[in-house]
Structures are given as structure tokens and as C-alpha cells.
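Please look through the structure shown below, together with its sequence, before reading on. The paragraphs that follow move from single residues to the whole chain and back again.

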Amino acid sequence: MSVRKITPGNHLRGELTVPGDKSISHRAVMLGSIAQGTTEITNFLTGADCLSTIRCFRQMGVSIEERPDCILVHGRGLRGLTAPDGTMNTGNSGTTTRLMSGILAGQRFSSLLSGDASLNSRPMKRIMDPLGQMGARIISVNGNGCAPLSIQPGDLHGIAYTSPVASAQVKSAVLLAGLYADGETSVTEPVLSRNHTELMLQNFGAYVMTALHPGGSATAYVEPCQELYGQQVFVPGDISSAAYFIAAALLTPDSELLIKNVGTNFTRAGFLKVCEAMGADITLVNKTIEGGEPRADILARSSALKGTVIEGELIPTLIDELPILAVMAALAEGTTVIRDAAELKVKETNRIDTVTAGLATMGAHVTPTEDGMIIEGGSCLTGARIQSHLDHRIAMAFAVAGLAAHGETFIEDSQCVDVSYPEFFQTLDQLA
Ligand code: S3P
């Protein structure tokens with residue numbers, strides 16, 4: 001298994017682009033597959049998770065061409081998928097598993113989904129319950145509420161579902177099933193989560209609406225649909241990937257990076273808000289919007305950061321950036337409190353555990369809590385051997401920590417970055 005050595009001390013200067021957004025790439029293949037006509041996806045993320053989505057839809061008869069400059073999805077229409085020849089392997093990808101379950105609930109064939117050890121230990125009851133209420137029968141094969149999942153479709157009914165968690169994967173699974181239902185479907189979540197499914201469904205011709213309620217909760221509605229229509233999708237750079245390089249520029253002296261074409265959808269851009277609260281020198285330039293998805297070039301310069309509180313409505317807008325924010329907090333002046341983030345426990349690893357363990361190994365003062373962590377800033381981090389536990393975001397967050405540490409850092413099983421950012425270490429080597 002691969003180990004990456006990170007040597008501190010260099011400044012980072014120059015321009016870069018980060019790969020396409022993972023969430024949007026998944027959705028473009030899924031909607032393209034169930035649309036009529038061809039969907040052309042530019043700047044698609046060819047990370048392992050999105051390739052899992054492509055593999056699964058190919059198993060259901062969809063022809064998907066991987067060209068050098070784009071992906072072409074030759075859609076089969078809303079009711080044109082065919083029964084897969086065997087189990088569909090969703091790899092490490094929660095998005096593939098949960099969103100696809102919503103689509104599979106509306107088909108006329110049964111299917112079986114299974115992933116790797118991490119994926120097969122993540123909670124699936126959160127989608128089994130609402131899809132079950134709609135009329136699908138989803139069985140956790142091992143009876144533990146996790147994948148492998150056996151999906152037996154049924155005649156789906158529209159429901160008004162109130163989700164206990166703010167999860168775009170849950171919301172999206174129910175909305176996608178709602179396309180096949182006999183009446184309107186709605187999902188209310190306690191706090192608005194990323195809205196890429198709603199935006200893209202609208203572009204593909206579905207009738208979708210969102211209501212934001214006082215107090216921060218939100219309801220998304222979808223009407224049953226006859227057909228979706230293939231589109232051209234430009235995928236903006238992934239802000240979750242850009243976050244590592246923004247942090248690297250902020251944390252290393254005499255650095256200045258311009259990261260081009262980064263998605264800045266407000267349901268994803270909490271990282272930028274927290275950077276601002278921490279005193280970061282960040283500027284957004286060349287702002288534009290395409291397919292309802294805003295993007296900009298982000299200029300980040302070395303900054304003296306200070307501690308902050310990260311909580312409440314912000315959490316779903318930066319949930320995947322909390323590992324790198326924790327690293328930034330350890331190197332900031334003062335205390336940072338992360339709360340309302342119990343969802344961290346059910347990511348690719350339990351990220352409250354893996355972040356606190358990694359930071360403690362590097363000499364930071366961090367206390368895990370039930371729904372987050374408390375980080376005493378101002379530590380000098382010491383290079384160390386870091387277990388990624390095969391979690392891509394842990395590997396990348398601690399690679400950045402290594403840049404700002406004293407001494408060398410080694411990231412174990414560093415190849416796991418392939419899940420969302422295959423070129424991460426090459427780009428880091430070029431810049432540092
Ligand atoms: C995602 C939603 C989030 C996020 C994940 C991608 C999506 O998960 O952590 O990396 O594409 O919808 P939850 O819905 O579980 O919060």
C-alpha cells in the first residue's frame with residue numbers, strides 16, 4: 001500500500017484547477033442515464049466514486065462514452081433501464097448507493113447493491129425508511145441496516161417525508177424516486193443541504209420547487225415525471241477539493257494560489273464563510289453561473305488565522321471540509337469549537353475519531369465531543385506517521401497539515417485520494 005512523504009517548508013505560488021465536482025458529476029451521469037437523448041458532461045470527475053456510478057449504469061444497459069474532453073451518456077429514458085446482470089458494486093461511494101437506490105425503487109426489476117467494507121458499514125436505514133414508505137421494498141441483506149441492499153420495486157406513492165438528518169443523499173434518493181411516484185413527493189430537512197439534485201432535475205425538465213422556512217428548515221418538492229431530457233452539463237471545480245489547496249496557501253508563509261473555476265453554490269460554500277471568520281485572505285474573482293451552479297476563481301494568500309465556532313446551519317454546507325478545517329484550527333490562534341456535526345461519525349470513516357487521532361499524533365490539543373470537537377489552536381504541529389484509514393479526506397487534510405508541520409509527515413494508504421482527487425499528490429508536488 002502506498003505511503004506518501006510530505007516535506008514542510010515550501011511556499012505555494014501559482015495557478016491551478018481542481019477536478020470537477022463529485023456530487024454534480026454523479027448526478028449528471030444518473031440523470032443523463034434516465035433521460036431521453038444524449039447528455040454531454042464536461043469537466044467530469046474521473047475519481048473512483050464517479051466511475052462506480054458509470055459502471056453501475058452501464059450494467060443497466062446505458063451506453064456511456066469516456067472521451068478525452070467529455071463524457072457522453074446515451075440516456076435510455078425514465079423507464080428504459082434494464083435489469084443488471086449481477087450485483088452492482090458501488091465501491092466506496094455513499095452517493096452512488098443512496099441516490100441510485102431512489103432510482104432503482106422506481107424500476108420494474110429487482111437489484112442488489114454492495115460496496116467496499118467502509119460503504120457496507122454506513123447507515124442505509126435513512127433511505128430504506130422513506131423509500132419503503134413510498135412502496136419499495138429495500139432489504140438490508142445482513143439485517144444490519146447497511147448494504148448489501150436488495151431493492152424490490154413497487155408502485156411508488158408520493159409522500160411528504162420529514163428527514164431527521166440534513167442529508168442531500170437522503171433528500172436526493174427520495175426526490176429521484178418521486179419522479180416515478182403517483183403524486184407529489186416532498187422532503188423536509190432540518191437544515192438545507194446541498195441542492196445540486198434539485199437544480200439539475202429542473203434543467204433536465206422535471207418540476208421541482210424548494211421552500212425555505214423560518215428557522216432554517218427547508219422542503220423540496222418534486223412532481224411525477226413523464227420524461228427527462230438530455231442536457232449539456234458543465235461541472236464546476238469541486239470546492240471540497242479546492243479546500244485543501246486554499247488551506248495550504250493560507251497556512252504556509254509567502255504563498256499565493258489562484259484556483260480557477262471552483263463551484264461556489266451557497267449550499268456548498270460554508271468553507272469560505274468560515275475562512276473569512278478565521279481571518280483568511282481570500283478573494284473571489286471572475287464570478288459566473290451556468291446551469292444554476294455559480295463558480296468563481298479563488299485567490300488565497302498566507303494568513304494568520306484565528307479560532308472560531310462552526311455550528312448549526314453552516315454544518316451541511318461544509319460537512320466534507322471539516323477535516324481540513326480542523327487542521328486549520330489547530331494552527332490558528334485561539335480555540336475552535338465544531339458542534340452539530342454528529343454526521344461526521346457516518347462518513348467514509350468516523351471522522352470525529354480519525355481527525356482527533358491524526359491531530360493528536362501531530363501534537364495538537366483536541367477533544368472529541370458527541371457532535372464535533374474542540375481544538376485548542378496555536379500548536380506547532382510535528383510531522384508524524386498518519387493513518388488515513390482509507391478515507392480520502394483524511395489523507396488530503398493531513399497532507400496539508402504535513403506542509404505546515406515541523407519534520408516529515410507520512411500518509412499511510414495515500415492512494416485512497418483516488419476516490420475524489422486522483423491527481424492530488426502530483427498537483428501538490430508541482431506547487432510546493
Ligand atoms: C453528498 C452529500 C453529503 C456529502 C457527500 C456527498 C452528495 O453526504 O458528505 O460527500 O453528493 O449528495 P450526506 O448526504 O450523507 O450528508
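In which helix is the place of Leu251? Leu251 belongs to helix α7, which covers residues 239-251; helices here are DSSP runs of H or I with at least four residues, strands are runs of E with at least two, and both are numbered from the N terminus. The model is a predicted one, in which local features need pLDDT of at least 70 and side-chain atom pairs count only at pLDDT 80 or more, while totals for chains, interfaces and linings use all residues. Residues are numbered from 1 along each chain as its sequence is written, and side-chain values use heavy atoms, with hydrogens and water left out.

Leu251 counts as buried because its relative accessibility is 17%, where buried means under 20% relative accessible area, exposed means over 50%, and partly exposed lies in between (1.4 Å probe, protein chains only). If neighbours within four places in sequence are set aside, Leu251 is in contact with Leu305, Val327, Met328, Leu331, Val400 and Ala404, a contact being heavy atoms within 4.5 Å.

Among contacts between residues at least 6 apart in sequence, 76% join residues at least 24 apart. The radius of gyration is 21 Å, which agrees with the value near 22 Å that a compact globule of 432 residues would have; this radius is taken over C-alpha atoms, and the globule rule is 2.2 Å times the number of residues to the power 0.38. Along the principal axes, the C-alpha atoms fill a box of roughly 60 × 45 × 45 Å.

Helix α5 (residues 168-178) is mostly covered, with eleven of its eleven residues buried. Among them are Lys171 and Gln169, as well as Val170, Val174 and Leu175.

Another serine, Ser140, has its place in strand β8 (residues 137-140). Why is Ser140 classed as buried? Ser140 is buried because its relative accessible area is 8%. The side chain of Ser140 makes a polar contact with the side chain of Asn144 at 3.1 Å, and a polar atom of the Ser140 side chain also lies 3.1 Å from the backbone nitrogen of Gly145. A polar contact is a pair of N or O atoms within 3.5 Å; within protein, one must be able to donate a hydrogen and the other to accept it, and residues adjacent in sequence count only if both atoms are side-chain atoms. Not counting residues up to four places away in sequence, Ser140 touches Met128, Gly145, Cys146, Pro148 and Leu149.

One of these partners, Pro148, is found in the loop between β8 and β9 (149-152). The peptide bond from Ala147 to Pro148 is cis, with omega near 0°. Most residues other than glycine have a negative phi, and most peptide bonds are trans. Asn261, which lies in strand β16, has a positive phi of about 60° although it is not a glycine, and Asn261 counts as partly exposed because its relative accessibility is 31%. His389 likewise has a positive phi, of about 55°, but lies in the loop between β23 (385-387) and α11 (392-403), and counts as partly exposed at 47% relative accessibility.

Two further loop residues are buried. Asn265, in the loop between β16 (256-263) and α8 (270-277), counts as buried at 2% relative accessibility, and its contacts beyond four places in sequence are Asn195, His196, Leu199, Glu293 and Pro294. Met60, in the loop between α2 (48-59) and β4 (63-66), counts as buried at 0% relative accessibility. The C-alpha atoms of Met60 and Pro84 are separated by 4.8 Å, with the two residues 24 apart along the chain. Beyond four places in sequence, Met60 touches Pro84 and several others, including Arg76, Leu81, Met88 and Phe109.
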